[in-house]
Amino acid sequence: MTATEMPSSVTDVPSDPDGVPGAAEAAAELHDPVLAWFDQHARDLPWRRPEAGAWGVMVSEFMLQQTPVNRVLPVYEQWLARWPRPADLAAEAPGEAVRAWGRLGYPRRALRLHGAAVAITERHGGDVPSEHNQLLALPGIGEYTAAAVASFAYGQRHPVLDTNVRRVFARAVTGVQYPPNATTAAERRLARALLPDDEPRAARWAAASMELGALVCTARNEDCGRCPVAGLCAWRLAGKPAHDGPPRRGQTYAGTDRQVRGKLLAVLREAVRPVPRAVLDRVWDEPVQRARALDGLVSDGLVEPLENDRFRLPLT
């Protein structure tokens, strides 16, 4: 449906849905301009194309968690070329998923995606299930990913609350600069209340509000001049009051255990044979932190210890 075909307002939203005062009015005002903006400015991303299918959507959602699109794109293309269906990935050792994950970060996501592929193959004949509760029952899939796959792959009506959407709703509706550090029940109620009743329109709204947060209403440089709902934004109309909540979490990396883990995994990804500990010892000078990082990788199932103090990516 194009922007010109969309109704001018949402007339069937209750006056106070889910106990969120003013949500009906906000929904009626926000839907049309945001959806029309999305029709004009949505990025042409491979997981948004029809040929991506539900598996392509699922892979993208795992990869995009805490990782920007430009880093995901090449890995996503390689992943789908190698494993075009869940069964293709399920047939490989989990360590191959970790190897192919490359430098995307948070490599436990690779193991979780492999586990989901195995479950899809065993429980659903190799097809990503369409039911939200079946998606939620897959290993490694939480509320966000289940809602995102159901919405983006199957056009269903679910609130999809990632960081970008939460920030858009916080500013446009709640009138604060940033959402809480962790998703709250109030945010979930608001997201449900803002959903259009029509399923395809609701799925489009989920994607559109996410794209608005990614491209315009960003964390550091909101571009109100390009925002389709700047005239309605409660935060802007209040004079953009500064954030007065708990300090926002940073994304420090240098010198952390995460960096050490990444260096250790980089060696193992490149290796075709088990790697002696002495080789891993070369990647980081501080022995206590290095040992802690390696122990953490083993505990997380990302590295498999072998006899004679050797290590490899997991085979089982």
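1. Aromatic pairs. Searching the whole structure, which is a predicted model, turns up 4 aromatic pairs. One of them joins Trp79 and Trp83: the ring centres are 4.6 Å apart and the planes stand at 75 degrees, so this pair counts as edge-to-face. Both of these tryptophans are buried.

2. Trp101 is buried, and so is Trp79. Taken together, Trp79, Trp83 and Trp101 make up one aromatic cluster.

3. Cysteines. How many disulfides are there? The count comes to 0, with a disulfide taken as two cysteine sulfur atoms within 2.5 Å. For Cys217, the nearest cysteine sulfur belongs to Cys227 and is 6.2 Å away, so Cys217 is in no disulfide. Cys233 is likewise in no disulfide: the nearest cysteine sulfur is that of Cys224, at 6.3 Å. Is Cys217 buried or exposed? Its relative accessibility is 13%, and because buried means under 20%, Cys217 counts as buried. Cys233 is buried too, with a relative accessible area of 10%.

4. The second largest pocket. This pocket holds about 210 Å³ of space. Its lining consists of 16 residues, and the closest to the pocket centre are Ala170, Thr174, Ala186, Glu187 and Leu190. Which helices each supply at least two residues of the lining? They are helix H9 (163-174) and helix H10 (185-194). H9 gives the most, with 5 residues.

5. His158. You will find His158 in the loop between helix H8 (143-154) and H9. Its relative accessible area is 16%, so His158 counts as buried. The His158 side chain makes a polar contact of 3.1 Å with the side chain of Gln156.

6. Positive phi at Tyr106. Most residues other than glycine have a negative phi. Tyr106 has a phi near 45 degrees, a positive value in a residue that is not glycine. Where does Tyr106 lie? Its place is the loop between H5 and helix H6 (108-124). With a relative accessible area of 25%, Tyr106 is partly exposed, as it falls between the 20% limit for buried and the 50% limit for exposed.

7. Positive phi at Asp309. Another residue other than glycine with a positive phi is Asp309, where the angle is near 60 degrees. Asp309 belongs to the loop between strand S2 (304-306) and strand S3 (310-312). Its relative accessible area is 40%, so Asp309 is classed as partly exposed.

Conventions
Residues numbered from 1 in each chain as written. Predicted model: local features only at pLDDT ≥ 70, side-chain atom pairs only at ≥ 80, totals over all residues. Heavy atoms only, no water. 1 Å grid on protein atoms, 1.4 Å probe; cavity = no way out; pocket = protein on both sides within 12 Å on 5 of 7 lines; lining within 4 Å. Points joined across faces, edges and corners; volume = space filled by probe spheres on them. Helix = DSSP H or I, 4+ residues; strand = E, 2+ residues; numbered from the N terminus. Buried < 20%, exposed > 50% of the residue type's maximum accessible area, 1.4 Å probe, protein only. Phe/Tyr/Trp six-rings, centres within 6.5 Å; stacked < 30°, edge-to-face > 60°. Polar contact = N/O pair within 3.5 Å; in protein donor to acceptor, adjacent residues only side chain to side chain.
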